Amino acid sequence: MTIARTLLSVVVSIGMAGSAFAKATNNELKIGISQEFDSLNPILSSMVASSYIRYIVNRRLTNLDSKSKWQAQITKELPTTENGLAKIVTVDGKKKIVTQWEIKESVKWGDGTPLTCDDIIFSRTVALSNNVSIPEREVYEQIEKIEVDPKNPKKCTFTYQNAIWNHVNQLGTFYLLPKHLEESVFNKYKDQKEGYEKNSNYTKNPTNPGLYNGPYVVSELKLGDHISMVPNKHFYGEAPKIKRIIIKLIPNTGTLEANLRSGTIDKISVLGLTFDQAISLEKKIKTESADFTVVFEPSAVHEHIDLNLDNPILKDIKVRKALATAIDKEQLVKSLFEGKQPASLHFITPKDPWYTDDPKSVTTYRYSKRQAAKILDEAGWKEDKDGYRYKEGKKLSLNFMTTAGNKTREAVQVYLQNQWKQVGIEIIIKNEPGRVFFGETTKKRRFDMAMYAWVANPENNPRSTLHSEMISSEKNGWSGQNYPGFKNPRMDKIIEEMDGEFNPKKRIELAAEMQKIYTDEIPVLPLYYRTDNAVIPKNMKNFKIPGHQFSETNDVERWTME
Amino acid sequence: MGTYILRRLIQTVVVIALISYMCFYLMTLMPGDPVELMIQSNPRITSEDIARLRELYNLDQPAYVRYFSWAKDIASGDLGYSRTYRVPVQELMGPRLKNTFVLSFIALLTSLLIALPFGIYSALKPGSRVDYFVNFLSFGGISIPSFWLGLILIIIFSVQFGILPAGGTETIGVEHESTWAFIKDRALYLILPVISLSVQSIGVFVRYIRSSMMEAMRNDFIRTAKAKGLSRAVVVWKHGFRNALIPLITIFALSFSGLFSGAILTETVFAYQGVGKLVYDSIMANDYNVAMISFIISVSMVLFMNLLADILYGFADPRISYT
């Protein structure tokens, strides 16, 4: 497939020269995506492409804006302890948080029905049903009860099980269902396994405007092909400028460019081109002065290498430090990514309020072959005639795994293999198809070094990846994502403290301590933050890639062609 | 003949049942299940979520229990629910199967209509300039990768000349005034994928038809027919072509059996809403219900087309009889 892709790129490059471009207008915007989308039921859909569509047609209580700041979306104000809308109460000796929400007066579903707190309560009821296959329901479970103000159906009080500081962030993924349309379906099928989802209006009648409360409603849907959306007449916010948005599925990323140039699509979404394709297209566009712009934005996806701390070689912190010191990350991102994917210091991204590069809080490993060799010497790994290091007759050799067929990762592997060879470490590359790599190898911790990515969302407590209780094992049903097997009592304590810490400054201090432990003990080798890319028409305004888990389409109503 | 067909039909049903169980069991042996795939994409899934989802999807049951539950649903007409796309399999696969059938059938028909005259002409004039030319084109057609040809076609006809759509199944958002307008629109989107798919099969069919026809024309009875003074048309079509049909029926039956399997590369390059990529993705994502239906369709098509081929042999060659 790699050869095929290369061949495709070459052919596209040759064939594209001199082709004509059509100018996009506000009448219609056709967006190409390369990933499939599933049902549009917001609490059920799990595909990334569905989230992309979801933010065009649905709005939530809170949203993370493109500056990584939490904002009230369909609500009037974010509840905080400062404005008195959030209060910590003690019930039976247990601390809980109670928050007050008020939905904006003008917020309605696409059929004109007002969106009220009853919709919020109904959505939670559906999400908590054992017969509905919602992937994760922590967001809904953490809320103990929701009570509606008898005088105002748009006002409600949330009582949480515990006093958690991140209640606002959590609600960014609390999705809303229209009670007036979905309640009868749910009541009829709630006792059947997956009965509700099979019969939901989102499945049976997805073009019903009443299912959506965002700037657009779905006017046509063909799974596996396209979705067409038109402005929602009852949208509470700024009126959308574009009269129709079509999202077209083009599964082959190699033909996205041809589709763009032939006018089949006007824009390629962040779910389109691979990084190398985007770089190559950007060069061509510059040469041809074509009417498109390639937009790059560092994202929250952190590419890293997990080190298996149960491996006798990697158990030694000196070896881990030597591995980190032997990598010239700046050169890596420069030579492989033209500097567009920035090198990372740790798992927190620069957009996160918790981010720090203060040397007091972060241990950095400046590239030095000599220093790396010295550390290995100290660890007892001595260089032999063959250029590799040995200790008690055992070679310093490690397996390095990643997902087979990922061109970028394979290039990084070769680069690192060469760097580590220079300090006497033998690296054996052993890649596997994604489903084996993630389904067996990382999950069951059968690796020495595993390269892959995590989404590092802002202010995200890394419980699942760094708490010792989250070391993936048979006992916990292989559910933890602490694949390196990292155990540090202080880290565990910080993670636990973090959940109940309401003072933002103190959270930043805790996060800094977390980063200090992480970079000191290096259970993971941080590599770089991936960059999102999109291709837009030159005359398109107000487009921004947010670079976090919420999609570029959150601002869709502001997009316009000039 | 009736007894033979009935016996074969019973055998076919038994084979489908056995193969379906084998496929189901083999899928369970693949690493990862739908829940594990969810875990990978969402680190916030808790161990409680995992236990809940496994129970909901029956993944906590042994493979044979799940198979019988699935078979029971199929027998009652419920094709199941896609765990990946979260829609009933019927709704997900129905339109795609239809699209794949239309594309594959037109490509097959086009291939046959072009390959038959060229193959027969080549066989009747072996070693001629036309024969060399046809052979050259056939080998060329067989050698060109369909995805590459697809891309070249897009660049020429869509990007450079802008006369045909680069991809898709139909024009989005257009209300067609008549059936004819709808057919015309769909036809536009079929031209490039059909060419891309047909070029290779034309090459293959020409080679088969040519060799089969040449073999038939070398028989003694052809010489006898010619000696009897029969017209060339009668010799070629009634005696030659009819005898060349047996191997061709086998090839065509096998080609027909693939009509619903989808042409993954062509469908992907032309963003054609077919079943090819859906089946691939469903296998990769352990979406059992979708994958199993596509297995059943593929197996059934192969078995039924083989049965049809066996029946057609009897019509093509009266010496073959079924008792």
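User: What about A:Asn542: which value does its positive phi take?

Analyst: A:Asn542 lies in the loop between strand E20 (540-541) and strand E21 (560-561) of chain A. With 12 other C-beta atoms within 10 Å, A:Asn542 is exposed. A:Asn542 is not a glycine, yet its phi is positive, at about 65°.

User: Why is A:Pro298 partly exposed?

Analyst: The label "buried" needs 20 or more other C-beta atoms within 10 Å, and "exposed" needs 12 or fewer. A:Pro298 falls in between and is partly exposed, because its number of other C-beta atoms within 10 Å is 19.

User: Is B:Pro88 buried or exposed?

Analyst: B:Pro88 is found in the loop between helix H4 (63-75) and helix H5 (89-124) of chain B. The cut-off for a buried residue is 20 or more other C-beta atoms within 10 Å. B:Pro88 has 21 of them, so B:Pro88 is buried.

User: Which residue of chain A does B:Pro88 touch?

Analyst: Let's set aside residues up to four places away in sequence. Within chain B, B:Pro88 then touches B:Leu79 and B:Tyr81. From chain A, the residue touched by B:Pro88 is A:Lys198.

User: Which helix gives the largest share of the side of chain A that touches chain B?

Analyst: In the model, 60 residues of chain A are in contact with 52 residues of chain B. Several elements of chain A each supply at least two residues of that side, including helix H7 (195-199), strand E8 (216-222) and helix H15 (434-441). The residues on this side of chain A divide into 18 nonpolar, 24 polar and 18 charged. The largest share, 7 residues, comes from H1(A).

User: How many strands does chain B have?

Analyst: Read along the sequence, chain B follows the pattern α-α-α-α-α-α-α-α-α-α-α-α-α. Its C-alpha trace spans about 85 × 60 × 40 Å along the principal axes. Chain B has 13 helices, and its number of strands is 0.

User: At what angle do helix H8 and helix H10 of chain B pack?

Analyst: Two packed helices are described by the angle between their axes and the distance between the axes. The crossing of H8(B) and H10(B) is right-handed. Among the residues making the contact are B:Tyr208 and B:Met213 of H8(B) and B:Phe241 and B:Leu248 of H10(B). The axes of these helices are 8 Å apart, and the angle is about 140°.

User: How many residues has the largest nonpolar core?

Analyst: In soluble globular proteins, nonpolar side chains tend to be buried together. Among the residues with the most contacts inside the largest nonpolar core are A:Ile56, A:Met229, A:Ile245 and B:Ile154. Leaving aside neighbours within four places in sequence, A:Ile56 is in contact with residues including A:Met229 and A:Ile245. The number of residues in this largest core is 98.

User: Over which residues of chain A is the pLDDT below 50?

Analyst: The mean pLDDT of chain A is 91, and 96% of its residues reach 70 or more. Where pLDDT is low, the predicted coordinates should not be read in detail. In chain A, the stretch with pLDDT below 50 is residues 14-20.

User: What ipTM does the predictor give the complex?

Analyst: Chain B has a mean pLDDT of 87, and 98% of its residues reach 70 or more. For the complex, the predictor gives a pTM of 0.85 and an ipTM of 0.79.

How values were computed. Residues numbered from 1 in each chain as written. Chains lettered and ligands numbered in written order. Predicted model: local features only at pLDDT ≥ 70, side-chain atom pairs only at ≥ 80, totals over all residues. Core = buried A, V, L, I, M, F, W, Y, C linked by C-beta atoms within 7 Å. Contact = placed C-beta atoms within 7 Å. Axes fitted to C-alpha atoms, helices over the stretch in contact; angles between N-to-C directions. Helix = DSSP H or I, 4+ residues; strand = E, 2+ residues; numbered from the N terminus. Left-handed = near helix turned anticlockwise from the far one by under 90°. pLDDT = per-residue confidence, 0-100. Nonpolar A, V, L, I, M, F, W, Y, C, P; charged D, E, K, R; others polar.
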